[in-house]
Amino acid sequence: MKPWIGTVLPVVTATLVLVAAPPADGLILLSAGSGSVLSPFGANKTATGSGSVTATDSNPSWTLQAQDQGTGAGKLVAGTTGCAGSDATLANPLQLSVTSPLGGVTPAAAIALSATNQTVATATNQTLSAATFTTNYTQMIPPTEAMLAGCVYAITVTYTLQ
Amino acid sequence: MVTISKRNLLLAAAVLWLCAEPALAVPLPGGTAGFGIAPARRHVVGNPGMALTPTTVINGTSSSYQVSVFPAILTQELSGAFDFVETPRSLNDSKLVMTASPGSFVMAPGTTRPVDLRWNMLPGGHKWIAMGVVFQGFAAGQSGTVHVITRLLSVNFLSLPGLTKVNGVFTGLYAEQSAPRVLRFLARVENTGDRFAAPSAGRLVLSDSLGRVVFSEPWMGDVVLPGAQRDFPIDVRTVLPAGRYTATVTMRFGGERSRSTSFTLVGPNQLPTPAITIRDFNANGVIGSPAKVTARILSSGTAPAGLTMHLYLANASDASPGATALATAQVSYRNLVPGSVTQLSHPLGGGLHAGSYRVIATWVDPTGAQHTAQADFTPTAGHSLSQRIWSFIQHHVIFLIGLLVMALVMALAYTARRLRGGQREIQAELAAMRAQLQAATLDDHAPPGKPAASRSSRLGTGMSTRPKAKSSATTKARPRSAVKSDAARSNGASAETNSSAAKAATPAKAKPRAKATGARSAGVTPARARLNRAKANGATTNGAKAKPNRAKANGARANGATATQPAAKPNGAKATGPTRRSTHSAGPGAPVGNGHKPTARKATAVKANGVKANGVKANGVKANGSGAGASSTRRKTTGVNPSKSNGAASNGSKPAPRSRSAAAESSPAAIVATPTQTASTPPNQSGTGADLTSTDVRANRAGELLALASRSHARRPLPSDRDDA
């Protein structure tokens, strides 16, 4: 066997593998506003609010998901102080929908927030460049909800871009 | 055999190291705003134990970010999105495969920071693994009700070097109605190879029933994990008329692949597509009760759809795949009409204990795609019995108050009824006794040729109670139930009240009362005494013309027994004159008072139902408080028409012809209060039996009884009396 073969073969093999593999790519950015306020917030009312999420993704196939990692699992949770006598969590989960002016974006129907990641918007051929998504929140509060004045309810929505 | 020296191997490794991290070549874009990472994806072919190019974390916002980083093992959903299990166990397994450091840090606004990644190992028997690195940022200074955490998922396709097989197939092609006049075709692709690969050269072609291509468009593929399936949606906005069509998808995935399906449009771009959408999936529960699963099932397609949903209940802390479910259930629906919404409300499991639970629902949509939804909940404390009662009271307070009021009213009515009943019994007893005494007296002392009633009437002076009970042979008790509203009513006594007396005194003007109670002579006159109104109830029984008696002595003047003012002018035979207003006289019993000097007894004391003993007309008797029902006899009279007076024949000899009273019937002769008899009582004598011409002791006893009865009535007025007043 010729000696040069032993030198060239590993290098060629490694090179072929790397060429066949897609390169590392992508930049994703995601930022949210300073929070949203739901109003009117009280028993027997439907509170609504909106916010925005700005996303950048160089990959035309992306997915935006939402979930609640907190103890409420999609439901607003009462604060730790000033909430004696109030329901620890609201009965209904927070409803969430996302809209986008981009044509290639497929927004999902309104979801009931939960501990599971749920897709709120997706695309297979639409890159994002500081695209703004409007987030719409709806909280239905039944009349039987025990909510004392001064008790603050809150929720943290986790948006995942991939 | 090819011999590879160590030097050559090192050279190859150097080439790999230099080329395997092309992410280094990716420049960070300028002017990035937001919280971000780069690179977002990596394809790494190598052996575990290598360090990957660090990921740069960018904080392009004006807020500081609290960042945490952790790796996760990825799976892929049909939608193409990557998912990972976030249980502690799974996250620990992920850290064995890959580590990221630092795990958490704070980023000031406008800064970047690298995060080192290291691929440590592969699970046994695997040639590849998809690892994700989660960069989670929480911006400081958030306010409001809804806060936001941003997560960026970096996807790393890690595989061992070596020859690999690229292969993929179509596993389905489905058409669905994406939106009005928008068709969506889902090309489901499975990666059957052992390499991270994506289909290429994808295309969708629609042809009509004649084979003509009416639509053709490419679609872009993306990475499909080995062994996974993924849907590639292709939207058709070109409007096609109703008809039958054939859809064909093609791709290159280890070779040329294609799949066709036929479909029918029932309208312009309108598919009869069954579809199911689950909304508002939720679960809750109360300690001690089963979990309650709720959801809205929307038949979102254009054709009837069916659904079979499997429900699982598990502890939230141990709800990883493969864990044993605490309870399961299955719910099935068939032929859900398009557009209909079905409310799911299903109990799951047995009594819950305190803790956190998770309900997982799985179902397969009409396209065959598997879906999963889950909801976590913490059962609330059940309400105790007292709490439930209190809650019931709170929610029905008005009803309960109404009920209480009704109960009070009923209790009052019952009490009043009992009181009245008791009084009547007493009265009846007294009347019976009185009647007996009178009867006895009559029997003993009736002079020949004179009606016995004349004496009995005298005896009856002080006996104004109602002969409710069977009084005597001549006094028939009237049943209580037969009481009418009239004066005579209650006791069946003759309501020969003042009116009758007055009538007797004024024959010309007196109006006979047909029903007049007075006519029921022999009974008890349930007259009601009227204090201070007693107008001379003269007992003109004999038809003698009555003269007005001005003695308006309070109380009953006429009856000696009831007169309250001694000064009252005794009504002798004439005395009982016309009263301007006939009061309820004690009627029968009292009657005897005619001509008697009123006693000083207080009128009210005589309220006892006047007994018209033996039907003696109670002429002129102002029966104080005599029995019930005397009210109706108030009438202004100027005299008495003996002939018309009810049963109170002026001469007393004639019984009341129309008397309905049993008493009257039984003792017609009792109506005979002769003038002689009435006048025989000295004015200054006590009215109560003062006119006794008999020495019969029983008569005296009768007077005593009457006094007792009178006192009794004075203490307990009958409600009916009050009414009459």
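**Ground rules**

I number residues from 1 along each chain as its sequence is written, and chains are lettered from A and ligands numbered from 1 in the order in which they are written. Since I am reading a predicted model, local features need pLDDT of at least 70 and side-chain atom pairs count only at pLDDT 80 or more, while totals for chains, interfaces and linings use all residues.

**Entry 1: confidence**

I began with pLDDT, the predictor's confidence in each residue, from 0 to 100. Chain A has a mean pLDDT of 82, with 85% of its residues at 70 or more. For chain B the mean is 68, and 56% of the residues reach 70 or more. I also noted the scores for the complex: an ipTM of 0.83 and a pTM of 0.51.

Next I looked up the elements; helices (H or I, at least four residues) and strands (E, at least two) are DSSP runs, numbered from the N terminus. Which element of chain A has the lowest mean pLDDT? I found that helix α1 (residues 3-20) of chain A does, at 58, whereas strand β3 (residues 62-67) of chain A has the highest, at 91. In chain B, helix α8 (residues 675-679) is lowest with a mean of 34, and β16(B) is highest with 95.

I marked residues 17-22 of chain A, where pLDDT stays under 50. The model has nine contacts for them beyond four places in sequence, a contact being two residues whose C-beta atoms, placed from the backbone, lie within 7 Å.

**Entry 2: chain A**

I counted one helix and 10 strands in chain A. Of the 162 residues in chain A, 45% are buried. For me, buried means that 20 or more other C-beta atoms lie within 10 Å of a residue's own, exposed means 12 or fewer, and partly exposed is in between, with C-beta atoms placed from the backbone. Among contacts in chain A between residues at least 6 apart in sequence, 71% join residues at least 24 apart.

**Entry 3: a sheet in chain B**

I traced an open sheet of four strands in chain B, in the order β14-β13-β16-β17, with antiparallel pairing. Strands pair if DSSP finds at least two bridges between them. β14 (213-219) and β17 (256-265) of chain B each have a single partner strand, so one side of each is left without a neighbour in the sheet. Ser200(B) sits opposite Arg252(B) in β16(B).

**Entry 4: Pro379(B)**

I found Pro379(B) in the loop between β24 (370-377) and α3 (385-395) of chain B. Is Pro379(B) buried or exposed? Pro379(B) counts as buried because 22 C-beta neighbours lie inside 10 Å. Its contacts beyond four places in sequence include Gly285(B), Leu352(B) and Tyr357(B). Ile287(B) is another contact of Pro379(B); the two are 92 residues apart in sequence but 5.5 Å apart in space, C-alpha to C-alpha.

**Entry 5: nonpolar cores**

A nonpolar core is a set of buried Ala, Val, Leu, Ile, Met, Phe, Trp, Tyr and Cys residues joined through C-beta atoms within 7 Å. The largest one has 130 residues, and Leu30(A), Tyr159(A) and Phe185(B) are among those with the most contacts inside it. Leaving aside neighbours within four places in sequence, I see Leu30(A) in contact with residues including Val53(A), Tyr159(A), Phe35(B) and Leu152(B). A second, separate core has nine residues, including Ala428(B) and Met433(B).
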